[in-house]
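The following note is intended for a colleague who is opening this structure for the first time. Please read the numbered points with the model in view.

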Amino acid sequence: MVRPALEVADIFRGHGPAWRQANAGHVSLGQLKVMSAIENCRTAALGGHVARCEDCAYTTIAYNSCRNRHCPKCQGAAAKQWLAEREDELLAVPYFHVVFTLPARIASIAYQNKAVVYDLLFKASSEAVLTIAADPEHLGVRIGITAVLHTWGSTMTHHPHVHMIVPGGGISPDGSRWVSCRPRFLLPMPVLTKLFQGLMLHKLLAAHKAGRLTFFGPHAHLAERKAFAAYLAPLRRITWYVYSKPPFGGPKAVLAYLSRYTHRVAIASSRLVALDQQGVTFRYKDYRADGRARQKVMTLGTNEFIRRFLIHVLPHGFHRIRHYGLFASAKRVENIARARMLLNWACQNQASHTPADTTDEQTTRAHACPHCGGRMIIIETFERGETPRHRPTGPTLASKIDTS
């Protein structure tokens, strides 16, 4: 894979020190750690190894990855590993993509209470889907959900929403049969939206009553219970943004979608266009436009670009990918096996198609010499901050394999 001409790491390395100094006291420890990880990723600061081709003696240095989940470089490899684990869990049914978005009023609260409100977003949206799917007036089944949190819009503004991948059907309450949804129709969106709206508001009020929410600046007055209730009241009279896209073309299409969404960060380096005195120029999608007009370019001041990137740093330990219903971790394997039996879907030969085989194939390709295709062997490892004794014989290749 060709390295982008400009990366987020380049921006952080060049302008991060001045930005940290200018914003001292207003940057969280988590944000500082993310900046440091991205700046040091695949550099000598993290150590690495030297590899040499057995056939042509081509030598290259591969630096260790930071493995930070907000690093644009590291998430590609993390997504591949995650997808390999999910591939054998897919069912031979249509899958739907459902999106739950928080209104701006709640998003502003979430900005000051990320761990609490993002968690409530997961809980309210999943509970709404599970409840409506279990209703005999609709599907009347136990359904499965894979949910992914995104907190950004295309221009990196704060825009918290959950993407859900939901199979088109579920297991009947007595476990005796698989019940499929109607073609191209999963659940009634107006009903789902109304329930999600009520659940989210109820959970927010309960969290406020329990003292789990904090408020600063213009929202400081919301610490008072009546003020908070009044703040949420208008949200009961508007329609929230919940929608379902048409079903995917099949299990492979689901995997392709997941590979783009599960480990995405606020902005990929591939979207960056330029870094100059005016700031950072990048491509984005204007979803209000259609066709080619949707693709646009924006320039942000460098300080504002860094600020927007860092507002999407998640709280420590917060899980941004979650599974519910049939896919909940406790009984996922058992439920998937039951669903496949009910669907009369014979499992593929595990010996010929396993994540381990895929990993071995990827590892073999990753260790092949880019010049002659020979086997690359490690001839030296070096620790953080050390300088390798051997020198590369050609352009240094940043390895996509984490050697730490």
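1. Strand 10 (residues 279-285) and strand 11 pair in the antiparallel sense, over six bridges. Within this pairing, Arg-283 stands opposite Val-297 in strand 11. Strands here are DSSP runs of E of at least two residues and helices are runs of H or I of at least four residues, both numbered from the N terminus; two strands count as paired if DSSP finds at least two bridges between them.

2. The model is a predicted one: local features need pLDDT of at least 70, side-chain atom pairs count only at pLDDT 80 or more, and totals for chains, interfaces and linings use all residues. Residues are numbered from 1 along each chain as its sequence is written, and side-chain values use heavy atoms, with hydrogens and water left out.

3. Is Arg-307 buried, exposed or partly exposed? Arg-307 lies in helix 9, and at 34% relative accessibility it counts as partly exposed. Buried means under 20% relative accessible area, exposed over 50%, and partly exposed in between, with a 1.4 Å probe and protein chains only. Leaving aside neighbours within four places in sequence, Arg-307 is in contact with Trp-19 and Tyr-111. Arg-307 and Tyr-324 are 17 residues apart in sequence, yet 33 Å apart in space from C-alpha to C-alpha.

4. A second open sheet is built from five strands in the order 8-3-5-4-12, and its pairing is antiparallel. Strand 8 (242-245) and strand 12 (321-325) stand at the edges with a single partner strand each, so one side of each is left without a neighbour in the sheet. The twist averages 25° from one strand to the next.

5. Nine of the ten residues of strand 5 are buried. Seven bridges join strand 5 to strand 3, in the antiparallel sense, and Tyr-95 stands opposite Pro-167 in strand 5. Strand 4 (residues 144-152) and strand 5 (residues 158-167) pair over six bridges, again antiparallel. The bridge partner of Leu-149 is Val-162, while Thr-146 stands opposite Ile-165. Strand 4 and strand 5 form a hairpin with five residues between them, and Met-156 in the turn has a positive phi of about 70°.

6. Helix 6 (residues 189-209) has 21 residues and reaches 30 Å from its first C-alpha to its last, close to the 30 Å expected at 1.5 Å a residue; the expected span is 1.5 Å times one less than the number of residues. Its buried residues include Met-189, Leu-192, Phe-196 and Leu-204. Among the elements that cover the buried residues of helix 6 are strand 3 (95-101), helix 5 (114-134) and strand 8. Gly-211, whose phi is positive, near 75°, follows helix 6.

7. Helix 1 (residues 8-22) and helix 2 (residues 29-40) pack at an angle of about 135°, with their axes 9 Å apart. The two helices are therefore oblique to each other; angles under 35 degrees count as roughly parallel, over 145 as roughly antiparallel, 65 to 115 as roughly perpendicular and the rest as oblique. Residues of helix 1 including Phe-12, Gly-16 and Trp-19 meet residues of helix 2 including Leu-32, Met-35 and Ile-38.

8. Most residues other than glycine have a negative phi. Arg-67 has a positive phi of about 65° and is found in the loop between strand 2 (59-63) and helix 3. With a relative accessible area of 54%, Arg-67 is exposed.

Conventions:
Axes fitted to C-alpha atoms, helices over the stretch in contact; angles between N-to-C directions. Contact = heavy atoms within 4.5 Å.
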